[in-house]
Amino acid sequence: MLQSQIINVLPRRILASLWTAPETRITLSHFAINKEQPNTTIISPGFLCDELPTRYTHILRLLSTLSPDSLQTPILRHVSYSYLRDICTLLHPSLRQTSPNAFSNTLTKLKTSQALNLIRLRYALLSNPTSASVNLMENINTIGIGIHLLLDQYISWVSQRQNHLQTLSPEEMTRKAAHDAHIALLDAFGYIELPKIEIKQKSKQTLDYIPSILHRIFYEIILISSKAHIMHNQQHEQTRRWYEFRKRQRPISLALFHGPTSVGFKLESPMICEKELLPGIPRDPIGLPASSSVLSSLHQARIDRIVQPNHALEWASLSGWRTAKSLASHWGGNLDIVNVDGLGATIYLALDRNTNLLERYPSHQVHRGPLSSSAASHLDKLLYTLSDAQPSMCTPSPLYHSISLTAAAAASQ
């Protein structure tokens, strides 16, 4: 019998049903404000309480493919416990009856917890990346982006942050992202000559998108190209006089193309270091590891303090070129780069105009009815691996709902 308190209050049959339950894929249009009722969105508390536990369990299912030795490492064990606690929180029947503000406060803690988990998983799986660990992290990150959007959009609606789906100007979003990227570079490098961004477009058009996601994609693109520009300048400073080189210095060129089905972007920059394009742990603009302090906070009391609203953790969890690619492709877009030694780099971004495209999600075979023998073995392997933890490490946080066996069973009806 499993001794973990979390597993005791979350029956195996509920986890088994979530283990093979299909996700409900959403579209951008689901995040639009209802024009007839401006204070409501399609994303409701009932939907989130049903959908998020399924997605959390899908991440646990991906982790279960690791070897038992890997699952017993402190980082992966605590990430797994965190997801189990968050599932308990969402399954509690009383959560559906709370006020929008109280529900939003709970989701805010879950969003920070999700960011913390993604950062820890990147450290656990990508510190010494292999093809298997990279593919696993890519799939987890894809699910994680969907979870982040579901949490963020509801919180945005309640707090009226105006981060819902809306008509945006790609040019304005690009300029804002360039400004923020340059501030980050100045903070990291100190006073330094930054490249100018030259935006070219034939006509001003719009795009229906989520502001924070569009900004983050542009931010990562401009950050990586500006860093390449800085490194390129520093290399030439050693071989020629600075004032002679400045005469030949060109701004970063960003062209916007507006088509009937998509909006395209083409950015020309100096050659980008291949290390910038590889999957890895979160890093700051100068390349130093970011948020590494979360690895030393595995005790539950410290985790409780971290899980308070923490925008720095949320920002770090979405950092990097690979995450920008995942954000761009989440609803049918594409972000790619052509990097040629001696000629420079060209970055291509295309975002689909269709707001009814289903989100990207790792493909898997859903088994109706009882678990297959393979799925059951993976579930049992994960649960029995976690049950070996020390009891003191498994005590549920008072900040989360505790869920009884009866309540859990009722919630699954």
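Three elements each give at least two residues to the lining of the largest cavity: helix 9 (211-237), strand 5 (262-269) and strand 7 (344-352). Keep in mind as you look around that this is a predicted model.

**The cavities**
- The structure has four cavities of 30 Å³ or more.
- The largest cavity holds about 50 Å³ of space.
- Its lining is made up of T174, F218, I221, I222, L254, F265, K266, L267, I347, Y348 and L349.
- Sorted by class, the lining of the largest cavity comes to nine nonpolar residues, one polar and one charged.

**Helix 6**
- Helix 6 covers residues 100-126, which makes 27 residues.
- From first C-alpha to last, helix 6 reaches 38 Å, close to the 39 Å expected at 1.5 Å a residue.
- Most of helix 6 is covered, with 21 of its 27 residues buried.

**S326**
- You'll find S326 in helix 14, which runs over residues 321-329.
- Is S326 buried or exposed? S326 has a relative accessible area of 2%, so it counts as buried, the cut-off being under 20%.
- Leaving aside residues up to four places away in sequence, S326 touches E138, N141, I145 and R360.

Note on methods:
Residues numbered from 1 in each chain as written. Predicted model: local features only at pLDDT ≥ 70, side-chain atom pairs only at ≥ 80, totals over all residues. Heavy atoms only, no water. Helix = DSSP H or I, 4+ residues; strand = E, 2+ residues; numbered from the N terminus. Expected span 1.5 Å × (residues − 1). Buried < 20%, exposed > 50% of the residue type's maximum accessible area, 1.4 Å probe, protein only. Contact = heavy atoms within 4.5 Å. 1 Å grid on protein atoms, 1.4 Å probe; cavity = no way out; pocket = protein on both sides within 12 Å on 5 of 7 lines; lining within 4 Å. Points joined across faces, edges and corners; volume = space filled by probe spheres on them. Nonpolar A, V, L, I, M, F, W, Y, C, P; charged D, E, K, R; others polar.
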